[in-house]
Amino acid sequence: MTAHDRLSSLDASFLHLESIETPMHVGAVSIFEGETFLDETGRFRLAEVRRLVASRLHLIPRFRRRLMGVPLNQGRPIWVDDPRFDIAYHVRLTALPAPGTREQLMTLTARVQSQLLDRSRPLWELWFVEGLEGGRVGLIQKTHHALVDGVSGVDVATVLLDFQPEPTYLEPPRWILEPPPAEWRLLADSLWERATEPAEIVRTVRAAARGPQRALDETTRVARSVRSIFDEEPLAPRTSLNTTPVGRNRRFDGVKVSFEDVRTVRAAFGGTINDVVLTGVAGGLRRLLESRGEAVTGTTLKAFCPVSVRDDAERMQLGNRVSGMFVPLPVGLPDPVDRLEAVRAATHDLKEREQAVGASFLLDLTHYAAPTLLGLAARLTHRQPFCNLVVTNVPGPQVPLYCMGGRMLEAFPVVPLTRNLSIGIAILSYCGQLHIGLYVDRDAFGDLSTLSAALEDSFAELRKRAEERLGDDAR
């Protein structure tokens with residue numbers, strides 16, 4: 001039987017989730033110093049940019065591959081080489097009327113990100129944007145969630161970018177196009193895999209039976225972690241974040257927070273960097289809901305926080321290796337230190353109960369589900385009642401990155417929305433700053449600027465309280 005580059009169940013679920021209202025790609029918008037992108041006549045060096053990207057695609061082979069479905073939907077799709085691959089389709093140039101403002105770039109980002117990727121081609125696009133004020137250049141990235149998760153997305157970015165100003169053009173090996181399998185062969189191979197995988201499960205169970213105590217301990221651990229997902233308050237409160245189905249149009253904005261400020265808060269009150277970040281987000285959401293006239297006293301929002309289960313040996317492997325936790329955000333607490341204590345206690349408890357292990361176990365079960373059932377399950381998540389929003393925090397490089405010699409100054413990530421989640425908050429740390437990307441449904445967030453300002457105020461309040469605490473301790 002031929003080995004195929006088959007999507008995992010989680011990767012495939014993002015295809016089932018996708019609709020014209022809910023594109024399932026992740027992305028980012030970055031801003032670069034722009035002089036080095038231009039030739040001596042002032043024209044953008046698009047051909048050289050394409051040559052640079054093309055020289056590195058052998059490091060991420062799926063960027064030359066497209067999806068191929070299994071006949072009769074009898075298996076998850078596979079990746080096959082795209083005979084029509086054209087670097088000019090994937091690396092594009094657009095412009096804003098000079099001098100383009102930051103706000104105009106964010107508006108363009110929302111418009112580009114709201115459009116579906118073409119499934120008949122490799123599922124990624126790079127849009128360079130010239131005409132920004134100060135002679136800068138923007139870069140809007142789109143990569144389907146079936147192809148990358150947040151962590152591997154950062155790895156991809158570091159392959160396409162440079163750690164020094166001088167761009168490095170690699171000498172790629174000759175690309176030899178591999179023809180796709182015949183449909184009858186793919187169907188037969190898929191049915192064979194479906195028939196043999198349960199046998200692998202049986203063999204695994206038999207092996208575990210040889211060590212009954214180890215098997216019992218592992219089963220107990222997984223059961224405890226699964227149970228923690230459905231705790232005493234499994235349903236998220238209904239707020240304006242989840243009242244109407246998400247439409248086709250988006251808004252986007254970015255907020256920067258000093259990483260040093262976050263470390264100061266952590267030094268003063270303890271917890272993890274992620275605890276501080278979630279507390280800052282909770283404070284911003286509290287201010288947003290208050291501005292909308294919603295009662296917040298006693299309210300605890302629930303955020304789904306993806307957790308990477310990718311180890312170092314899996315770096316640069318595309319696809320999704322994520323689980324997740326449902327983290328309570330205590331927006332009902334007026335004091336920011338009390339909110340941080342509540343978040344610390346909650347995340348510590350979730351880690352103790354290994355909730356991410358439980359979520360990973362449930363996702364692994366879908367590996368054995370028939371594709372039709374997998375599609376139904378994925379679509380049900382559009383109506384899930386367990387969380388109010390997604391908050392994902394991805395560590396990025398703390399050293400400068402460059403493209404065509406231009407330094408990357410800012411980078412705000414994008415996380416997709418689902419039918420009943422009108423906001424996704426993605427955070428990327430880069431060069432001493434937290435870059436917070438706010439991606440929202442246009443109709444539900446006419447007040448996106450209010451949220452942006454509220455987040456800045458929330459983190460500033462945390463920093464102020466931390467400085468007061470540290471000053472008192474010093475005395």
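Predicted model: local features only at pLDDT ≥ 70, side-chain atom pairs only at ≥ 80, totals over all residues.
Arg-287 pairs with Glu-461 in a salt bridge, with the closest N and O atoms 2.9 Å apart. The two residues sit in distant parts of the chain, 174 residues apart. Arg-287 belongs to helix H9 (residues 273-291), and Glu-461 to helix H13 (residues 448-474). Glu-461 is also partly exposed, at 26% relative accessible area.

## Other salt bridges

The model holds 21 salt bridges. One of them joins the side chains of Asp-5 and Arg-65, at 3.1 Å from N to O. This pair also links distant parts of the chain: Asp-5 lies in the segment before H1, Arg-65 in strand S2 (residues 65-68), 60 residues apart. Asp-5 is partly exposed at 23%. Arg-65 is partly exposed at 22%.

Shared partners join Asp-5, Arg-62, Arg-65 and Asp-81 into one salt-bridge network. Another salt bridge connects the side chains of Arg-45 and Glu-48, at 2.6 Å from N to O. Glu-48 is partly exposed, with a relative accessible area of 30%.

## Glu-18 in its loop

Glu-18 occupies the loop between helix H1 (9-17) and strand S1 (25-32). Its relative accessible area is 12%, so Glu-18 counts as buried, the limit being under 20%.

The side chain of Glu-18 has two polar partners here. It reaches the backbone nitrogen of Met-24 at 3.0 Å. It also makes a polar contact with the side chain of Arg-119, at 2.9 Å. Leaving aside residues up to four places away in sequence, Glu-18 touches Pro-23, Met-24, Leu-116, Arg-119 and His-144.

Methods: Residues numbered from 1 in each chain as written. Heavy atoms only, no water. Helix = DSSP H or I, 4+ residues; strand = E, 2+ residues; numbered from the N terminus. Buried < 20%, exposed > 50% of the residue type's maximum accessible area, 1.4 Å probe, protein only. Polar contact = N/O pair within 3.5 Å; in protein donor to acceptor, adjacent residues only side chain to side chain. Contact = heavy atoms within 4.5 Å. Salt bridge = Lys/Arg side-chain N within 4 Å of Asp/Glu carboxyl O.
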